[in-house]
Amino acid sequence: MPSFRAPRGTRDLLPDASSRLNRLEGLARSLAGRYGYLEMETPMFEQASVFERGIGEVTDVIEKELFRLAPRTEESEAWALRPEATAGIVRAFVQHGMHTWPQPVKLSVVGPMFRYDRPQAGRYRQFWQWDAEAIGDPGPAVDAEMIEMGYRFYVEAGVPEVQVLLNSIGDPACRPDYLERLTTYFRSHDAELPELERRRLQTNPLRLLDSKDPALTPLVADAPKIGDCLCDACAAHFAAVRAHLEAIGVPYRVEPTLVRGLDYYTRTAFEYYRRGAEGQQQALGGGGRYDGLVERLGGRTSPGIGFALGLDRVLLALDETGATAAAEPPPLAVIVGADPADTIARLRVASLLRAEGLRVRAELAPRKLGRQLETASRDHAHFAVIIGDELTEGHVQLKDLEAGTQRLVPLVELARELARAAKSHHHG
Ligand code: AMP
């Protein structure tokens, strides 16, 4: 048993997993580009109050899962690792006066997030998200565009049967009335409420709807629905989002009990699920509109909508469905030498070819040529570059390992020869 291990709730991404994650990150960036979202980065930690303000203090993310940092005892500032990207992006929007940019400002962040959650399948303390935000557009068309962008991500990543669940959670005009009805309803079932939920009823009744406690499921099913309480403006917005989604062919299902656990959401709320896996823990991603958030973080009122798609869950879904990512291609050539000791010559030639952008490996173990060539075949390299006495005249042997042929090539032409061969063999 090794003495040191990756911390609980984290994992090393070994090369295969890392390259699968890279591929998803690449897809996220490519989609962001196609849809006009500009990439940016925010720090991985912020003042804790950015999250407390931006996410809402009565949420699991803040109450239980915020990864607080205490760098030094004399440091007065309270820091926390980012549990999600929206609050940091909106903080940056305000800090850099992005309200003066052409609106809407569409931003994308891909990277790790941290939550001090109880580790379990699909729930890590460090996980990766693709986050996109469109700030400055009240919708509804941009809502549909964003939902479609997320949906396309799953389609292009190869996750089968993804379903969009959709709801509207109203706005400050209609939600207070609804919350009162909801509170009255749950109060009348006070005896059936677990202790934790009874407490939440005081502080954030909406959260009872996405409670993870199965004892609550039948109560939630019969609870008043926000959809029946929307004001005219919210109802019209919701209808328009649905019409846009239908027009662009995004399949969705209205889910009347879907709410988002975070305080700042208004109107459109959505989640992505694998069909048949609509349990609480299984969301692949989700998002929603947050028309009050910019103001809450000190900016001028500005509407916004965003999503966060969990990349780890996509990797898990792809594992389950047996979809495999393309493996790293083999090196085009392995550089070997007749003189086992002359690693300088091998490294020099490799360096020259790498400078030309070629993917090569230098065999650097001081072993016999025959053994060096064996490693070249093991690597599935197409060519071996064999360095021998001819090097003094500026030549090397180029051996085509697949065809079994070999010829003398001037060193100055080697890169060009290999590049040409790579093209015709689709290697590289
Ligand atoms: P949320 O910000 O909670 O709506 O999360 C958005 C998405 O991020 C979820 O749908 C998950 O795919 C992913 N996610 C959230 N928390 C975790 C976690 N602890 N581990 C892995 N993925 C997570």
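## Close-up views of a predicted model

**View 1. R267 has its place in strand β9, which covers residues 266–274.** The model shown in this view and in those that follow is a predicted one. Although R267 is not a glycine, the phi angle of R267 is positive, at about 55 degrees. Is R267 buried or exposed? A residue counts as buried when its relative accessible area is under 20%, and R267, with a relative accessibility of 15%, therefore counts as buried.

**View 2. H380 lies in the loop between α13 and β14.** This residue follows helix α13, and its phi is near 60 degrees, which is a positive value in a residue other than glycine. The relative accessibility of H380 is 58%, and since exposed means over 50%, H380 counts as exposed.

**View 3. Helix α13, which spans residues 369–378, has Q372, L373, T375 and A376 as its buried residues.** As background, an α-helix has 3.6 residues a turn, so residues three or four places apart point the same way.

**View 4. The buried residues of α13 pack against several other elements of the protein.** Which elements are these? One of the partners is a helix, α12 (343–355), while the strands that the buried residues of α13 pack against are β12 (333–337), β13 (360–362), β14 (383–387) and β15 (395–400).

**View 5. The peptide bond that leads from Q103 to P104 is cis.** The omega angle of this bond is near -5 degrees. P104 is found in a loop, with helix α4 (86–95) on one side of the loop and strand β5 (105–114) on the other.

**View 6. G139 and P140 are joined by a cis peptide bond.** Here omega is about 5 degrees, and P140 belongs to the loop that runs between strand β6 (126–135) and helix α5 (141–157).

**View 7. G388 is found in the loop between β14 and β15.** With a relative accessible area of 22%, G388 is partly exposed. How far apart are G388 and T183, in sequence and in space? These two residues are separated by 205 residues in sequence, and their C-alpha atoms lie 84 Å apart in space.

**View 8. The whole protein, for orientation, has 14 helices and 16 strands.** Its C-alpha atoms fill a box of roughly 90 × 55 × 45 Å, taken along the principal axes. The protein has a radius of gyration of 28 Å, whereas a compact globule of 428 residues would have one near 22 Å. Of the 428 residues, 50% count as buried, and among the contacts with a separation of 6 or more, 69% are made by residues 24 or more positions apart. The protein exposes about 20600 Å², of which carbon and sulfur atoms supply 52%. There are 52 positive and 60 negative side chains, and the centres of these two sets lie 3 Å apart.

Methods: Residues numbered from 1 in each chain as written. Predicted model: local features only at pLDDT ≥ 70, side-chain atom pairs only at ≥ 80, totals over all residues. Heavy atoms only, no water. Buried < 20%, exposed > 50% of the residue type's maximum accessible area, 1.4 Å probe, protein only. Helix = DSSP H or I, 4+ residues; strand = E, 2+ residues; numbered from the N terminus. Contact = heavy atoms within 4.5 Å. Rg over C-alpha atoms; globule rule 2.2 N^0.38 Å. Areas by Shrake-Rupley, 256 points an atom, 1.4 Å probe, with all protein chains shown as cover. Lys, Arg positive; Asp, Glu negative; His and termini not counted. Charge placed at Lys NZ, Arg CZ, Asp CG, Glu CD.
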